[in-house]
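Please keep the sequence and the coordinates in view while reading.

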Amino acid sequence: MTSKRIEYICSYCGQKKVRSELQGRPMPGKCPRKQGDKPHSWRKNRTIN
Ligand SMILES: [Zn+2]
């Protein structure tokens, strides 16, 4: 069984993470472009079939 893979991109630093559709959003982590310990702002970039 194959599941779709979704590429997420942080709209602040441009970091990309690929996750399967079942895994959902990536861990927030820490965004190096934001001051303090702020998480990445993940948004869907594209779906990889
Ligand atoms: Zn970021």
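In this predicted model, strands S1 and S2 form a hairpin with five residues between them, and glycine 14, which lies in the turn, has a positive phi of about 80°. The chain as a whole has zero helices and three strands, and the elements follow one another from the N terminus as β-β-β.

**Sheet and strand pairing**

- The three strands form an open sheet in the order S2-S1-S3, with antiparallel pairing, and the edge strands are S2 and S3, each of which pairs on one side only.
- Neighbouring strands of this sheet are turned against each other by 30° on average, when direction is ignored.
- S1 and S2 run antiparallel and are joined by five bridges; within this pairing, glutamate 7 has valine 18 in S2 as its bridge partner, while arginine 5 stands opposite serine 20 in S2.
- S1 and S3 also run antiparallel, and here six bridges join the two strands; isoleucine 9 has its bridge partner in S3, namely arginine 43.

**Confidence of the prediction**

- The mean pLDDT over the chain is 95, and 98% of the residues score at least 70.
- Among the elements of the chain, strand S1, covering residues 5-10, has the highest mean pLDDT, at 98, whereas strand S3, covering residues 42-48, has the lowest, at 96.

**Dimensions, burial and contacts**

- Taken along the principal axes, the C-alpha atoms of the chain fill a box of roughly 40 × 15 × 10 Å.
- The chain has 49 residues, of which 8% count as buried.

**Asparagine 45, in strand S3**

- Asparagine 45 is found in strand S3, and, once its neighbours within four places in sequence are left aside, asparagine 45 is in contact with Glu7, Tyr8, Ile9 and Lys16.
- Is asparagine 45 buried, exposed or partly exposed? Asparagine 45 is partly exposed because 16 other C-beta atoms lie within 10 Å, a count that falls between the limit of 12 or fewer for an exposed residue and that of 20 or more for a buried one.
- Asparagine 45 and serine 11 are 34 residues apart along the chain, and their C-alpha atoms are separated by 9.5 Å.

**Lysine 34, in the loop between S2 and S3**

- Where is the place of lysine 34 in the chain? Lysine 34 lies in the loop between strand S2, which covers residues 16-20, and strand S3.
- Lysine 34 is partly exposed, because 14 other C-beta atoms lie within 10 Å and this count again falls between the two limits of 12 or fewer and 20 or more.
- The C-alpha atom of lysine 34 is separated by 8.4 Å from that of cysteine 13, although the two residues are 21 residues apart along the chain.

Technical notes:
Residues are numbered from 1 along each chain as its sequence is written. This is a predicted model: local features need pLDDT of at least 70, side-chain atom pairs count only at pLDDT 80 or more; totals for chains, interfaces and linings use all residues. pLDDT is the predictor's confidence in each residue, from 0 to 100. Helices (H or I, at least four residues) and strands (E, at least two) are DSSP runs, numbered from the N terminus. Two strands pair if DSSP finds at least two bridges between them. Axes are lines fitted to C-alpha atoms, for helices over the stretch in contact, and angles run from 0 to 180 degrees between N-to-C directions. Two residues are in contact if their C-beta atoms, placed from the backbone, lie within 7 Å.
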